[in-house]
Amino acid sequence: MNYVSIAPMIRGLCIDLAGKPQIAVYESAKGEKASPHAMSLEIAGGDTEETIAGNIQKAYTAWKAGSSTGKGEVLIPSCVSLTAGGKTEALYWIDDDLDSARKRLAGRDDSPRTARPIEDGKLIDAAARACVVKNRVALVTGGAQGIGEEIVRNLAAAGALVFIADLNLEGARRLAETVNAAERRTAALALQVNVSDEDSVETMCGAAAEYAGGLDLCVSNAGVLKAGSVLEQGLADFKFVTDINYTGFFIITKFAGRLLKAQSRTAPRWKTDIIQINSKSGLEGSNKNGAYAGGKFGGIGLAASFAMELVEYNIKVNAVCPGNFLDGPLWSDPEKGLFVQYLKTGKVPGAKNIADVRAFYESKVPMKRGCAGKDLVRAIFYIVEQEYETGQAVPVTGGQVMLH
Ligand SMILES: NC(=O)c1ccc[n+]([C@@H]2O[C@H](COP(=O)([O-])OP(=O)(O)OC[C@H]3O[C@@H](n4cnc5c(N)ncnc54)[C@H](O)[C@@H]3O)[C@@H](O)[C@H]2O)c1
């Protein structure tokens with residue numbers, strides 16, 4: 001049995017008890033002596049996810065028996081020791097954030113914690129609202145640059161732990177270092193992934209379970225664009241775009257969904273999110289860009305369908321549809337960017353320089369500017385905070401696309 005796959009259920013229990021995000025760091029601990037204050041969980045070969053979830057609840061009841069807490073407080077384990085056939089196999093170190101959980105592991109500090117779960121108030125709590133992603137575990141595919149980088153930086157600045165999952169591992173590592181230095185904590189971790197490859201995505205989700213115990217927010221952002229006329233475009237290019245933008249979202253939701261489902265078995269009240277970064281091209285056609293727009297339209301169909309199925313596990317699935325992110329490398333790269341390409345190919349009539357091409361695209365937006373990172377991160381915060389919505393496509397286009 002893969003003991004890492006049990007981490008989301010242990011994390012789920014702690015989230016359910018605390019009413020807020022928790023980190024559970026996995027440690028392989030074959031034959032180690034039982035930790036004195038750890039919650040002990042015994043598993044057997046034939047156990048299923050369902051029976052393990054039930055056993056986790058029973059183990060918690062047995063562990064807390066006889067302990068006393070203050071009024072309205074609950075006891076939370078900071079270490080769970082997993083045994084099979086009476087022998088220790090793994091330890092899971094738990095705390096509110098990654099650095100604290102790692103410190104417990106390093107210092108073998110298994111002393112139990114208490115929490116005072118927040119009660120659901122009738123009025124919106126402004127302080128809680130400002131902390132909507134604090135200590136949540138997020139994963140952003142294609143997070144090393146462009147829109148993904150903006151999402152990573154903003155989530156980390158708002159207190160989340162963010163996995164930067166990208167084909168470009170070096171870029172993801174560089175960004176993680178910058179973010180961690182800026183935040184003065186471990187706010188970001190780099191992972192390599194190819195979102196169009198099932199094994200790679202499964203490994204990525206396993207890493208999220210191992211390093212943090214699970215996820216609260218999965219942002220499927222990695223995407224590519226290869227424009228081309230339907231009369232001319234090669235099938236290989238069409239498939240390349242579709243594999244990453246459309247099929248990639250299916251693969252991400254499959255494996256992140258499994259992880260979130262396992263976590264929800266022991267955290268039945270905790271809402272989690274899968275968000276696809278779609279595009280305004282998912283809401284209206286895009287001339288000579290059918291592979292891209294078609295995949296994005298399809299993404300909205302997938303989000304709505306996955307939302308219907310996964311609501312049972314308290315997983316919300318939504319899409320965000322940004323307008324043109326004119327400051328990102330896709331548009332502004334001085335060699336390969338769309339501004340340069342459109343200038344060279346004469347796509348914008350009368351444009352003499354890059355400023356003319358940019359002005360042309362800005363003039364199409366009622367709000368007269370391109371989409372910025374902060375605009376679409378606000379939409380992500382809205383989706384996470386809004387517990388009563390799923391299966392939607394939220395436009396962030398400065399009014400360029402208005403829903404009917
Ligand atoms: N740039 C825009 O104007 C714009 C507008 C609307 C929507 N979007 C969407 O936003 C998302 C990000 O776009 P961007 O402009 O930031 O792109 P970008 O090209 O700047 O960055 C994309 C990132 O994804 C990574 N990536 C590419 N293929 C991958 C794969 N197979 N597996 C994992 N990672 C991979 C790249 O390494 C890169 O870091 C895309 O889904 C895109 O369709 C972009």
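Let's start with Asp-95: this residue counts as buried, at 11% relative accessibility. By buried I mean under 20% relative accessible area, with exposed over 50% and partly exposed in between, using a 1.4 Å probe and protein chains only. Before I go on, a word on the source: this is a predicted model, so local features need pLDDT of at least 70 and side-chain atom pairs count only at pLDDT 80 or more, while totals for chains, interfaces and linings use all residues. Residues are numbered from 1 along each chain as its sequence is written, and side-chain values use heavy atoms, with hydrogens and water left out.

Back to Asp-95, which lies in strand 5. Helices (H or I, at least four residues) and strands (E, at least two) are DSSP runs here, numbered from the N terminus. The Asp-95 side chain makes a polar contact with the side chain of Arg-104, at 2.7 Å. A polar contact is a pair of N or O atoms within 3.5 Å; within protein, one must be able to donate a hydrogen and the other to accept it, and residues adjacent in sequence count only if both atoms are side-chain atoms. Not counting residues up to four places away in sequence, Asp-95 touches Gln-22, Ile-23, Ser-100, Ala-101, Arg-104 and Arg-113. Contact means heavy atoms within 4.5 Å.

Now look at Ile-94, also placed in strand 5, residues 87–95. Is Ile-94 buried or exposed? Ile-94 is buried, because its relative accessible area is 0%. Leaving aside neighbours within four places in sequence, its contacts include Ile-10, Cys-14, Pro-77, Val-80 and Arg-104. Along the chain, Ile-94 and Glu-27 are 67 residues apart, and their C-alpha atoms are separated by 11 Å.

Next comes Leu-17, in helix 1, residues 7–18. Leu-17 is buried too, with a relative accessible area of 13%. Its contacts, leaving aside neighbours within four places in sequence, are Tyr-60, Val-74, Leu-75, Ile-76, Pro-77 and Pro-117. Here is a pair to find on screen: Leu-17 and Ala-267 are 250 residues apart in sequence, yet 8.4 Å apart in space, C-alpha to C-alpha.

Let's step back to the whole chain. The domain assignment gives domain 1 (3–115), domain 2 (128–323 + 373–396) and domain 3 (325–364). Those bounds come from an automatic or database domain assignment. Taken over C-alpha atoms, the centres of domain 2 and domain 3 are separated by 27 Å.

On to empty space. Rolling a probe the size of a water molecule over the atoms shows where empty space is left. On a 1 Å grid over the protein atoms alone, a cavity is a set of points where a 1.4 Å probe fits but cannot get out, and a pocket is an open set with protein on both sides within 12 Å along at least five of seven lines; lining residues have an atom within 4 Å of a point. Grid points are joined across faces, edges and corners, and a volume is the space filled by probe spheres set on the points.

The second largest pocket holds about 1,400 Å³ of space. Of the 34 residues that line this pocket, the closest to its centre are Gly-19, Ile-118, Asp-120, Ala-128 and Glu-387. Which domains each give its lining at least three residues? Domain 1 and domain 2 do. Helix 1, helix 4 (126–130) and helix 13 (373–385) each supply at least two lining residues. By class, the lining divides into 14 nonpolar, four polar and 16 charged residues. Ala, Val, Leu, Ile, Met, Phe, Trp, Tyr, Cys and Pro count as nonpolar, Asp, Glu, Lys and Arg as charged, and the others, Gly among them, as polar.

As for cavities, the count comes to one of 30 Å³ or more. The largest cavity contains about 40 Å³ of space. Among the residues lining this cavity are Val-195, Asn-221, Phe-249 and Lys-296. Helix 8 gives the largest share of that lining, four residues, and the lining as a whole has five nonpolar, five polar and one charged residues.

Ser-279 sits in the loop between strand 11 and helix 9 (290–310), and is buried at a relative accessible area of 7%. Its side chain reaches the backbone nitrogen of Ser-281 at 2.9 Å.
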